[in-house]
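I opened this notebook to record, entry by entry, what I looked up in one structure. The entries follow the order of my reading.

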Amino acid sequence: MAGFRGLKNYSRTIKKAGAKQFHELIKAAHQQLVETSPVLTGQFRGNWNGDVNGVNRQTQKLEQKNLHTGQSPTGIELSKLAPALAAKIGDTVYITNNLPYASKLERGLSPKAPAGVLFISAQSVAAKWGR
């Protein structure tokens, strides 16, 4: 019986470690999207939303005092990822930006991001995470 309990504990440990890695990957993808986002007013950078098993179609007009034009995600930007961090292994996580001009930026119509944001971010995250 002791062997079975040990196996059960090992299984729980593996699941926890896998869940932690999964959430770290979600955070890394979000951070890469934020850091790759071109900034004029900060609205685009601040509108990356995370969700689980469905797309969050919200946009938010951020107040000037809450806009951030630096590199790392701020608390406001990270709070928009919170729903995605509730994901479990096997869930599908979506990180989206639904501002009307997001598709134009992705097509490279900003001199600050001539190659877009999504593809560059996906490549970077894949290179760092080995897939």
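**Entry 1. The main pocket.** I began with the lining of the largest pocket, to which H4 gives the most, with 6 residues. A pocket here is found on a 1 Å grid over the protein atoms alone, as an open set of points where a 1.4 Å probe fits, with protein on both sides within 12 Å along at least five of seven lines; lining residues have an atom within 4 Å of a point. I noted that H1, strand S2 (93–97) and helix H4 (118–129) each supply at least two residues of this lining. Helices (H or I, at least four residues) and strands (E, at least two) are DSSP runs, numbered from the N terminus.

I then asked which residues lie nearest the centre of the largest pocket. They are Leu25, Ala29, Ala122, Val125 and Ala126, out of 14 lining residues. By class, the lining of the largest pocket holds 12 nonpolar residues, 1 polar and 1 charged. In this count Ala, Val, Leu, Ile, Met, Phe, Trp, Tyr, Cys and Pro are nonpolar, Asp, Glu, Lys and Arg are charged, and the others, Gly among them, are polar. The space in the largest pocket is about 360 Å³, a volume being the space filled by probe spheres set on the points, which are joined across faces, edges and corners.

**Entry 2. Basis of the model.** I recorded that this is a predicted model, in which local features need pLDDT of at least 70, side-chain atom pairs count only at pLDDT 80 or more, and totals for chains, interfaces and linings use all residues. Residues are numbered from 1 along each chain as its sequence is written, and side-chain values use heavy atoms, with hydrogens and water left out.

**Entry 3. The chain as a whole.** I found 4 helices and 2 strands in the protein chain. Along the sequence their pattern reads α-β-α-β-α-α. The chain has 131 residues, of which 34% count as buried. Buried means under 20% relative accessible area, exposed over 50%, and partly exposed in between (1.4 Å probe, protein chains only).

**Entry 4. The second pocket.** The second largest pocket has a volume of about 180 Å³. Its lining includes Pro38, Thr41, Phe44, Tyr101 and Lys112. I counted the classes in this lining as 6 nonpolar, 4 polar and 2 charged residues.

Thr41 counts as partly exposed because its relative accessibility is 41%.

Entry 5. How many salt bridges does a search of the whole structure find? The search finds 1. A salt bridge is a side-chain nitrogen of Lys or Arg within 4 Å of a carboxyl oxygen of Asp or Glu. The side chains of Lys27 and Glu24 form the bridge, at 3.4 Å from N to O. Both residues lie in helix H1, 3 residues apart, about one turn of the helix. Lys27 is partly exposed at 38% relative accessibility, and Glu24 is partly exposed at 31%.

Tyr10 also lies in helix H1 (residues 2–36). Tyr10 counts as exposed, because its relative accessibility is 53%. With Leu7 and Ile14, Tyr10 makes a nonpolar surface patch of about 330 Å². Such patches are made of residues with over 30% relative accessible area and no salt bridge, nonpolar side chains (Val, Leu, Ile, Met, Phe, Trp, Tyr) being joined within 5 Å and like charges within 9 Å. The areas come from the Shrake-Rupley method with a 1.4 Å probe, and for residues only the protein chains shown count as cover.

Entry 6. Asn53 is in the loop between strand S1 (48–52) and helix H2 (75–79). Its phi is near 55°, a positive value in a residue other than glycine. Asn53 is partly exposed at 49% relative accessibility.

From Asn56 to Ile95 the C-alpha distance is 8.0 Å, across 39 residues of sequence.

Entry 7. Asn97 has its place in strand S2 and is buried at 11% relative accessibility. I found its C-alpha atom 7.5 Å from that of Thr59, 38 residues apart along the chain.

Ile89 sits in the loop between H2 and S2 and is exposed, with a relative accessible area of 57%. Ile89 and Gly18 are 71 residues apart in sequence, and their C-alpha atoms are 7.7 Å apart in space.
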